[in-house]
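Visitor: I would like a close look at one kind of contact, the pairing of charged side chains. Please take it pair by pair and say where each partner sits.

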Amino acid sequence: MSDPRDDRYYHAWMSSRVVSRRGLFRGLLSSAKLPAEENAVAADLLKRAVPRPPQAIAEPLFLQQCNGCGHCADACPVGLLSVESGKAVLSIDYAECDFCSACTQACDRGALAGNIPMDTCLRPVILPQCLGRMDDLCRMCEIACPHSAIFFNQQNQPSVDNQKCDGCGKCKLVCYHGDIQLSLKRNDP
Ligand code: SF4
Ligand code: SF4
Ligand code: SF4
């Protein structure tokens, strides 16, 4: 059976509560506290196949509102945005996102919204070959993170606090060994 929910449903759901993507992550982490239907809607809202600009609205609405005009890409001072398949896409490869909000300000379609917390929904994955895992000589990512979201334990093993992290990408850029990848944080628990 097809999904009966349309954009009015999502608009109503969004306006009935304060929704932040970080809040949704927290909610999903404690999913037992939410009714099953709300969990399903929250998962829908977070489901992005590719990274979007940091203040993109919930994906089902974003796909409706973004017309691929490219104004956000033109506005980004470090060239992180492009238009693929008619929608804005974020790529953090050569520069981090400093959350300047130029993209949001350039969007006149409401696909990006200033009241959404800045978060690329990307999270670092520190690869097994990370040199810092061998000893304490490299802590570049830990030092670079503006939110202290990466930390190494006494056994030199790193971990990432997904609640503190906003997906800026600084850790990936600072790792000169290329041992950090960014992965889209979606609706995984
Ligand atoms: S917030 Fe600024 S740096 Fe980040 S994608 Fe938007 S325009 Fe680019
Ligand atoms: S400016 Fe807005 S509508 Fe245009 S491509 Fe960017 S997100 Fe989409
Ligand atoms: S993406 Fe940014 S906030 Fe997240 S761990 Fe890396 S440096 Fe810290």
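**Salt bridges, pair by pair**

Guide: The side chains of glutamate 96 and lysine 170 meet in a salt bridge, with 4.0 Å from N to O. The term stands for a side-chain nitrogen of Lys or Arg within 4 Å of a carboxyl oxygen of Asp or Glu. This is a predicted model, in which local features need pLDDT of at least 70 and side-chain atom pairs count only at pLDDT 80 or more, while totals for chains, interfaces and linings use all residues. Residues are numbered from 1 along each chain as its sequence is written, chains are lettered from A and ligands numbered from 1 in the order in which they are written, and side-chain values use heavy atoms, leaving out hydrogens and water.

Glutamate 96 belongs to the loop between strand 2 and helix 6, and lysine 170 to helix 8, so this pair ties together parts that are 74 residues apart in sequence. (Helices, H or I with at least four residues, and strands, E with at least two, are DSSP runs numbered from the N terminus.) Glutamate 96 is partly exposed, at 28% relative accessible area. Lysine 170 is partly exposed as well, at 26%. On this scale, buried means under 20%, exposed over 50%, and partly exposed in between, for a 1.4 Å probe and protein chains only.

Lysine 172 is in helix 8, residues 170-174, whereas aspartate 93 is in the loop between strand 2 (87-90) and helix 6 (102-106). The two residues are 79 apart, and the pair links distant parts of the chain. Lysine 172 has a relative accessible area of 21% and is partly exposed. For aspartate 93 the value is 42%, which also counts as partly exposed.

Next comes the pair of arginine 123 and aspartate 119, whose side chains meet in a salt bridge at 2.9 Å, N to O. Here arginine 123 counts as buried, with 4% relative accessibility.

As for the total, a search of the whole structure finds five salt bridges.
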